[in-house]
Protein chains: 4
Amino acid sequence: MSHPPPLPDRSTWPEVRALQEIGAHFHRRGWSLGTSSNYSTVLGRDPLQLLITASGKDKDRLTPRDFVLVDGEGRPASATEPKPSAETLLHTLLVRRPGVGAVLHTHSVWATLLSQRHFAQGGFFIDDFEMLKGLAGVTTHEHREWVAIFDNSQDMAALARQVEQALDDPQRPTRHAFLLRRHGLYTWGRDLDEARRHVEILEFLLEVLGRSAN
Amino acid sequence: MSHPPPLPDRSTWPEVRALQEIGAHFHRRGWSLGTSSNYSTVLGRDPLQLLITASGKDKDRLTPRDFVLVDGEGRPASATEPKPSAETLLHTLLVRRPGVGAVLHTHSVWATLLSQRHFAQGGFFIDDFEMLKGLAGVTTHEHREWVAIFDNSQDMAALARQVEQALDDPQRPTRHAFLLRRHGLYTWGRDLDEARRHVEILEFLLEVLGRSAN
Amino acid sequence: MSHPPPLPDRSTWPEVRALQEIGAHFHRRGWSLGTSSNYSTVLGRDPLQLLITASGKDKDRLTPRDFVLVDGEGRPASATEPKPSAETLLHTLLVRRPGVGAVLHTHSVWATLLSQRHFAQGGFFIDDFEMLKGLAGVTTHEHREWVAIFDNSQDMAALARQVEQALDDPQRPTRHAFLLRRHGLYTWGRDLDEARRHVEILEFLLEVLGRSAN
Amino acid sequence: MSHPPPLPDRSTWPEVRALQEIGAHFHRRGWSLGTSSNYSTVLGRDPLQLLITASGKDKDRLTPRDFVLVDGEGRPASATEPKPSAETLLHTLLVRRPGVGAVLHTHSVWATLLSQRHFAQGGFFIDDFEMLKGLAGVTTHEHREWVAIFDNSQDMAALARQVEQALDDPQRPTRHAFLLRRHGLYTWGRDLDEARRHVEILEFLLEVLGRSAN
């Protein structure tokens with residue numbers, strides 16, 4: 001009789017430690033309560049290797065066993081991996097885009113509220129805030145950032161296709177982030193540090209907009 | 001002349017440590033300020049043994065002596081136990097239901113406000129939020145969660161009977177939680193981890209509803 | 001030529017440690033930012049000895065030298081004491097009342113807002129909240145707590161006389177707390193633990209009222 | 001072939017440690033999220049030497065290498081310094097004024113909202129709050145503090161000239177702080193402790209005003 005091999009021990013991986021710290025930080029802020037949110041970072045290209053949070057883990061107490069190594073189609077790299085997040089397809093879609101090395105998805109109160117408030121318009125602009133300069137490539141507050149909102153869905157393949165088509169909308173291209181309705185924020189960066197900074201910048205701006213008149 | 005025996009030393013019990021951590025965490029969040037809130041977890045069945053916070057303790061500084069062992073009727077297991085919370089009857093009622101191993105009761109600002117806002121309707125629905133998937137057994141955001149509101153009372157026996165009858169209301173069954181008017185939230189889970197997660201999920205959703213238009 | 005004697009070293013006094021912890025806790029909550037707030041506890045009676053925070057100290061970093069020993073008239077016990085808070089007279093007035101062993105004064109956003117909102121009515125009632133049971137002597141939520149509001153003043157002797165007369169108003173007696181307009185909250189207890197609990201209970205209730213419709 | 005000399009090691013400088021603590025503290029409060037904010041303190045006069053945060057650093061994780069030594073015109077003291085913040089000119093302008101030894105610039109939600117709400121009036125008064133006494137030189141709550149608002153700009157030389165002229169406006173002189181529109185708060189003090197206290201006092205008062213009716 002054979003036993004399943006033990007889960008891989010990744011306690012010494014710097015990426016694991018960085019993601020644990022991010023989970024504790026975002027949980028403290030109220031952006032990743034309960035088992036909400038998922039985070040990923042690219043470990044290799046050719047072929048793509050992505051480390052992503054496993055499904056259903058408390059984000060303030062991520063252990064080295066709460067991560068999954070997946071390939072470019074979001075499949076676990078081996079039979080010993082835990083179950084990846086259901087939203088892995090959105091992560092693999094995003095890290096295939098140029099310059100994206102990490103994806104962070106959070107569930108904050110203000111993102112949830114704004115995703116409903118502006119859903120009928122398909123999204124909203126954030127413009128003219130100094131804080132926008134914290135987003136990669138933005139060098140002046142005189143910037144208009146489009147934040148698209150997609151309807152929430154449990155059909156991840158369909159949702160991923162819809163997102164992929166909309167990201168490059170010539171009228172309103174997505175640069176740094178989008179929202180899922182009554183769900184949360186997706187943002188990314190060339191590495192975890194940049195993606196973490198984008199979460200802070202965007203959550204700040206969403207709170208500012210959320211506290212402005214409806 | 002006889003002395004009362006000393007309070008039981010439970011500093012090494014994992015359940016005590018888990019409840020201390022929960023108290024500190026919920027206090028930091030503002031969900032259990034002062035001596036508000038009470039928490040319990042099942043230690044044994046046949047006969048039922050429940051460990052519950054003692055009456056009137058500060059939740060950010062629970063000591064191993066601030067817990068009581070009670071039986072299925074909420075009576076202290078021995079004469080050396082401290083006084084259990086007045087609301088013990090609500091806990092014993094809940095842990096007799098299938099699949100309930102822990103009960104957490106919190107007092108947050110948003111629970112207090114919503115319990116008044118929707119009292120005349122007997123409760124309110126929370127629906128269509130991704131965050132609902134953090135509740136046990138919910139697998140899609142397309143879910144309607146009924147949160148009943150009961151009038152507050154100091155007559156715990158009467159309140160417990162009223163709650164018991166309403167939980168299985170065929171029109172609007174209670175699945176995960178209810179509110180007491182101008183008082184707070186009751187939720188539960190198969191164990192402390194699940195109940196703790198339900199508090200985080202529900203407090204998040206109450207804040208979202210509370211910040212939406214009145 | 002004589003040097004002034006050094007400030008008394010009180011680093012081992014339990015009251016000093018308790019007050020340092022309270023300062024750090026209330027600062028974290030946002031109830032004692034900057035040099036606002038002052039705290040005191042009775043050390044002896046006959047004659048009255050009160051330990052109170054010195055004037056103008058940051059409450060998140062109180063050192064053992066940031067406290068003053070004063071007598072029943074609020075005068076420093078010796079020439080080596082630092083300058084007591086300007087509001088010492090309010091503390092000595094309160095600790096002369098029966099059952100008062102500690103006084104805590106905080107400056108929160110919600111206390112400031114409510115002290116203005118209800119000033120014209122001379123105060124407001126807090127009633128029918130379970131959280132009221134955290135106040136000493138309150139055993140049911142069916143309780144009406146009167147919170148008087150006094151106009152702010154830099155003339156502490158005049159303000160103390162006005163407060164003293166109003167505390168025992170037969171129509172609306174003050175039980176646990178009062179506000180100073182656009183200034184903050186005063187509450188007290190038989191000891192520091194009780195007074196600290198009263199701050200938590202009252203700040204919670206002020207936030208609930210503050211977030212209710214104006 | 002020559003290597004650039006290593007960045008100066010300033011890990012033992014007390015000013016560096018104080019600025020690191022300020023960054024962590026303000027980040028926790030939500031006043032310096034992401035790479036927003038910059039802080040400076042005077043190290044010497046004749047000639048002026050100012051230590052200021054380097055450009056684009058996360059404020060919750062400032063390292064001893066994230067600071068720049070600049071002269072009175074905001075130029076790095078040597079070729080081995082990192083790039084100073086773009087807003088260095090505002091800092092050097094401020095520390096040339098009498099009694100200013102440190103400048104702290106933060107980006108809070110309430111500062112951002114108020115800087116827009118009152119922009120058309122050129123600023124707003126804060127008056128009649130006890131908390132104002134935490135500002136240097138203010139001894140009574142019966143004080144009117146003018147907070148000017150300047151339009152945001154990426155042209156720091158032009159902005160610095162505009163600020164310099166307005167600070168001494170005889171009608172509405174600036175005493176402790178000003179805002180940049182949709183950007184943040186500038187305040188200062190004779191040293192870092194005083195400037196840090198001014199941030200706490202002003203952020204508190206901005207939140208009070210922000211939560212008052214629009």
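**Why these labels?**

Colleague: What makes Leu33(B) count as buried?

Modeller: Leu33(B) has a relative accessibility of 5%. Buried means under 20% relative accessible area, exposed means over 50%, and partly exposed is in between (1.4 Å probe, protein chains only). So 5% puts Leu33(B) in the buried class. By the way, this is a predicted model: local features need pLDDT of at least 70, side-chain atom pairs count only at pLDDT 80 or more, and totals for chains, interfaces and linings use all residues. Residues are numbered from 1 along each chain as its sequence is written, chains are lettered from A and ligands numbered from 1 in the order in which they are written, and side-chain values use heavy atoms, leaving out hydrogens and water.

Colleague: Which residues does Leu33(B) touch?

Modeller: Leaving aside residues up to four places away in sequence, Leu33(B) touches His27(B), plus Arg29(C), Met131(C), Glu200(C) and Phe204(C). Touching is contact, i.e. heavy atoms within 4.5 Å.

Colleague: Why is helix α2 of chain A called largely enclosed?

Modeller: Seven of its eight residues (the helix spans 88-95) are buried, so the rest of the structure largely encloses α2 of chain A. Among the buried ones are Leu90(A), His91(A) and Val95(A).

Colleague: How far apart are the nearest C-alpha atoms of chains A and C?

Modeller: They're 14 Å apart, and chains A and C don't touch.

Note on methods: Helix = DSSP H or I, 4+ residues; strand = E, 2+ residues; numbered from the N terminus.
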